[in-house]
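Hello,

Here is the structure I promised to pass on. Please have a look, then read my notes below.

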Amino acid sequence: MIRTKWPYALAALLSLAGLADSLYLTVEHLEGRSVPCSVTGGCEEVLTSSYAVIAGIPLAAVGAAAYFSVFSLATLAIFGYRTAGILLRPLVAVMVLMSLWLFYLQAFVIRAFCQFCLLSAAITIGLMIVVLLAWKKGI
Amino acid sequence: MKRLLPFIIILGVLGVAVGSVVYLTRSNSGSMAGVNANQSSSWSQPTPQPTLKPARTGVAGAEPAHTHGPANAPVKLEEFGDFECPPCGMFHPILQQMEKEFGDKLHVTFREFPLASHQHAIPAASAAEAAGMQGKFWEMHALIFEHQNEWKTQFDARPIFEGYAKQIGLDVERFKRDVDSDRVEQRIFLDVRRARSMGVGSTPTVFINNKEIPFQLLPADSLRVLIQDELRAAGTQK
């Protein structure tokens with residue numbers, strides 16, 4: 001089963017990494033302290049910027065919910081729920097668009113990068129590739 | 001059973017995710033965190049009450065430490081701060097207000113904990129320590145915090161700190177030498193070592209009689225209550 005559905009297994013693993021990453025950012029955001037993130041700096045500029053919150057909800061928490069949804073759908077797809085695999089496509093598409101927008105904000109508006117946000121963007125791009133593969137394989 | 005398996009896996013991951021967030025925010029004692037986590041999801045979870053952590057002693061920091069207030073004051077507050085960190089800048093006036101309100105009952109210590117993620121944190125800490133070598137640590141400390149937004153955006157903040165040195169009447173040439181001195185470096189190193197030994201990982205981290213105050217309780221209103229509690233415990237409350 002896993003052998004034929006490996007793109008979904010990969011998607012599930014990637015979404016778990018994304019979930020852990022966005023949960024970490026959620027906790028950091030809620031704590032509001034200055035965190036020692038030394039690779040690129042900029043975490044607190046990004047996490048305390050006005051873009052880090054949508055309607056009072058930390059963006060990182062929205063990300064966590066999205067990754068959890070991807071994980072659920074991918075798991076269901078592995079177990080043969082075809083609809084779940086199809087639903088994964090629009091969800092990941094929205095996540096990719098969101099990641100691109102956030103990358104733009106970090107690069108040109110806030111002018112600070114936060115490495116955990118970049119990791120999330122990388123995971124989302126990975127998810128896109130995997131979901132496209134699954135689509136092509138027709139599973 | 002097989003049909004249920006994916007749902008069991010999904011629920012398991014959900015449980016681990018919620019559990020870890022609750023654990024992390026609670027271990028950092030965040031009531032605010034609990035409330036917001038509730039908003040972002042529909043999972044109900046108890047709102048943890050932030051409380052002081054058990055007292056820790058840690059290894060000694062730089063001596064003599066930079067302090068305010070009488071050494072035998074019933075309440076001793078120790079801040080580990082980074083001059084470039086925005087919440088530390090916000091905490092500065094709060095602490096000043098507490099010192100004004102509690103006067104002789106409060107003893108305040110400032111310890112350097114410059115974070116690697118801040119470009120100017122070490123130059124700022126060095127400037128404050130160098131001013132301390134001419135007996136004006138607190139004057140420099142106040143200027144650096146009060147003008148945080150002016151120097152943190154600069155490419156090189158040192159000339160600004162030298163300007164502050166002049167402003168508070170330091171021997172600027174000596175200040176410039178002291179900033180790069182081994183003594184200043186050693187002081188910062190010792191403070192950071194003390195911070196690490198007390199489990200400090202972020203700024204500002206504030207201890208009241210060696211008990212760590214949860215970050216959420218640092219606003220003036222909650223901090224005042226904590227100080228009053230400690231005073232009451234020490235039996236000196238009027």
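Helix 5 of chain A covers residues 115-137. Its 23 residues should span 33 Å at 1.5 Å a residue, and its end C-alpha atoms are 33 Å apart, so the two values agree. Bear in mind that this is a predicted model.

An α-helix has 3.6 residues a turn, so residues three or four places apart point the same way. Just after helix 5 of chain A comes Gly138(A), with a positive phi of about 65 degrees.

Now the surface. Trp6(A), Leu10(A), Leu13(A), Leu16(A), Ile125(A), Ile129(A) and Leu133(A) make a nonpolar patch of about 580 Å². Helix 1 (6-31) and helix 5 of chain A each supply at least two of the patch residues. Helix 1 of chain A gives the most, with 4 residues. Leu133(A) sits in helix 5 of chain A. Leu133(A) counts as partly exposed because its relative accessibility is 34%, between the 20% and 50% cut-offs.

The chain as a whole:

- Chain A has 5 helices and 2 strands.
- From the N terminus, the order in chain A is α-α-β-β-α-α-α.
- Chain A has 139 residues, and 53% of them count as buried.
- Among contacts in chain A with a separation of 6 or more, 76% join residues 24 or more positions apart.
- Chain A exposes about 6,500 Å², with 74% of that supplied by carbon and sulfur atoms.

Best wishes

Technical notes
Residues numbered from 1 in each chain as written. Chains lettered and ligands numbered in written order. Predicted model: local features only at pLDDT ≥ 70, side-chain atom pairs only at ≥ 80, totals over all residues. Heavy atoms only, no water. Expected span 1.5 Å × (residues − 1). Patch = residues over 30% accessible without salt bridge, like charges linked within 9 Å, V, L, I, M, F, W, Y side chains within 5 Å. Areas by Shrake-Rupley, 256 points an atom, 1.4 Å probe, with all protein chains shown as cover. Salt bridge = Lys/Arg side-chain N within 4 Å of Asp/Glu carboxyl O. Buried < 20%, exposed > 50% of the residue type's maximum accessible area, 1.4 Å probe, protein only. Contact = heavy atoms within 4.5 Å.
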